[in-house]
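Hi,

Here is the structure I promised to pass on.

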Amino acid sequence: MLRSSQDVPDRRRRAPGTTTEVVPTRGKAAVWRASAILGACLTLLATVLVTFGAGNAAAHGAVSDPPSRHYGCYHRWPNGPSQQMATEDPMCYQAWQADPSAMYNWNGLFREGVAGNHQGAIPDGQLCSGGLTFNGRYAAMDKIGAWVAPSKPSRFTLNLNDTSSHGADYIRVYATKQGFNPKTQAVKWSDLELVGQTGRIPTGNRTPVEINAPGRSGHHVLFTVWQASHLDQSYYACSDVNFTDGGTTTTTTPTSTTTTTTTTTTTTTGNPSAGCSATFRVTSQWSGGFQVEARVTAGASAISGWTVSWTFTNGERINSSWSAAVTTSGSSVTARNAAYNGSVGAGASATFGFVASGTAGTPTLTCTAS
């Protein structure tokens, strides 16, 4: 009985007159094919490891309570789209259908190199997707509709989940104004008002931000900007809430007190109609420190730049600031507009803020426009 070549054992032999083993040609081809397959597998494995490693290194966190849209869609429906989701949570259903990676990467909605110019980097209507960051991965978060909205009073504690605990230069939370309808409107910057913020803080699995959003009822959107500390990475999140108390505050005593200072002094430049005014609002105070939101409002004409100056009288000292170049000389302080918020239309406003040590006083503010 004849045997085929496949039945012949692969025996090594020596070439006549030599001590070198000769591998049959068929055996060499098999070895080469196996080596090529193994090499391809190793290359693919290395690519996967690099890809997932880079993704994990770049991802940090999101707002967990009230949950941001992408975070909530993942945690409510971790197994992906279903008929139940389509019925009970249609906005999450459309998001899962559009791009599941947006939910699996719930901690990666960020942009790099924004340098604090969030309004310049994120166009109106694209706030919830971070300006279509990552080639539009989160675009479904911008869709208008009946997003799930947990009920909250006008004063409550928002929690941010920073999985890498890198910390924040600041966290700012904005709420849509009363009359905004998320079911028919996409979020624009002009729809928002600042309702909570921090200075530089460490963050962790539950980083609280005190929210005070009076005068609101019904379905609203909270827009959170989290400036991470380790790099120029800006994280963005839209969270839906249903305000239940019609703008009245709850009886729960907040962890920080809130006061308001509205002392204003207005000056003008050579053009009498080109003026500005400034106000301070102390958003929170604690033992040994406080945080201020300052608002600069243009007069009857648009301005291209502004400078606010004041003198501390209680020994206060600024520790950090944002949205302005702040310099101090003894107790005298000067704040000049940043590159992105100097141009202010007639009657419109720009804001900046700072965290200071000491006890908040009521300084007299001088605003000079250019």
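**What I found**

Ser309 has Thr366 in strand 20 as its bridge partner. That pair belongs to a set of 4 bridges between strand 15 (residues 306–311) and strand 20, and the two strands run antiparallel. Before going on, please keep in mind that this is a predicted model.

Next, a residue in a loop. Asn341 is located between strand 18 (332–337) and strand 19 (349–357). Is Asn341 buried or exposed? Its relative accessible area is 8%, and because the cut-off for buried is under 20%, Asn341 counts as buried. A polar atom of the Asn341 side chain lies 2.8 Å from the backbone nitrogen of Ala338. If you set aside the neighbours within four places in sequence, Asn341 is in contact with Trp306, Ser323, Ala350 and Thr351.

Two of those contacts, Ala350 and Thr351, come up again at the largest pocket, where they are among the residues nearest its centre, along with Gln119, Trp189 and Ser349. In total, 28 residues line this pocket, and the space in it comes to about 770 Å³. Which elements give two or more residues to the lining? They are helix 6 (118–121), strand 7 (168–176), strand 8 (192–198), strand 14 (289–298) and strand 19.

Now for strand 11, which spans residues 233–243. Of its 11 residues, 10 are buried, so strand 11 is largely enclosed by the rest of the structure. Here is how strand 11 pairs up:

- Strand 10 (residues 218–228) is joined to strand 11 by 10 bridges, and they run antiparallel. The two make a hairpin with 4 residues between them, and Leu222 stands opposite Ser239 of strand 11.
- Strand 4 (residues 110–112) also runs antiparallel to strand 11, with 3 bridges joining them. Glu112 has Gln233 in strand 11 as its bridge partner.
- Strand 5 (residues 151–152) pairs with strand 11 in the parallel sense, over 2 bridges. Here Ser151 stands opposite Asn242 of strand 11.

As background, most residues other than glycine have a negative phi, and most peptide bonds are trans. In this model, a cis peptide bond joins Asp65 and Pro66, with omega at about -5°. Pro66 is in the loop between strand 3 (61–65) and helix 2 (69–76).

Where do the positive phi values come in? Leu132 has a phi near 55°, and this residue is in the loop between helix 6 and helix 7 (133–136). Phe134 has a phi near 55° too, but its place is in helix 7. Leu132 is partly exposed, at 36% relative accessibility, and Phe134 is also partly exposed, at 36%.

Best wishes

Conventions. Residues numbered from 1 in each chain as written. Predicted model: local features only at pLDDT ≥ 70, side-chain atom pairs only at ≥ 80, totals over all residues. Heavy atoms only, no water. Buried < 20%, exposed > 50% of the residue type's maximum accessible area, 1.4 Å probe, protein only. Polar contact = N/O pair within 3.5 Å; in protein donor to acceptor, adjacent residues only side chain to side chain. Contact = heavy atoms within 4.5 Å. Pairing = 2+ DSSP bridges. 1 Å grid on protein atoms, 1.4 Å probe; cavity = no way out; pocket = protein on both sides within 12 Å on 5 of 7 lines; lining within 4 Å. Points joined across faces, edges and corners; volume = space filled by probe spheres on them.
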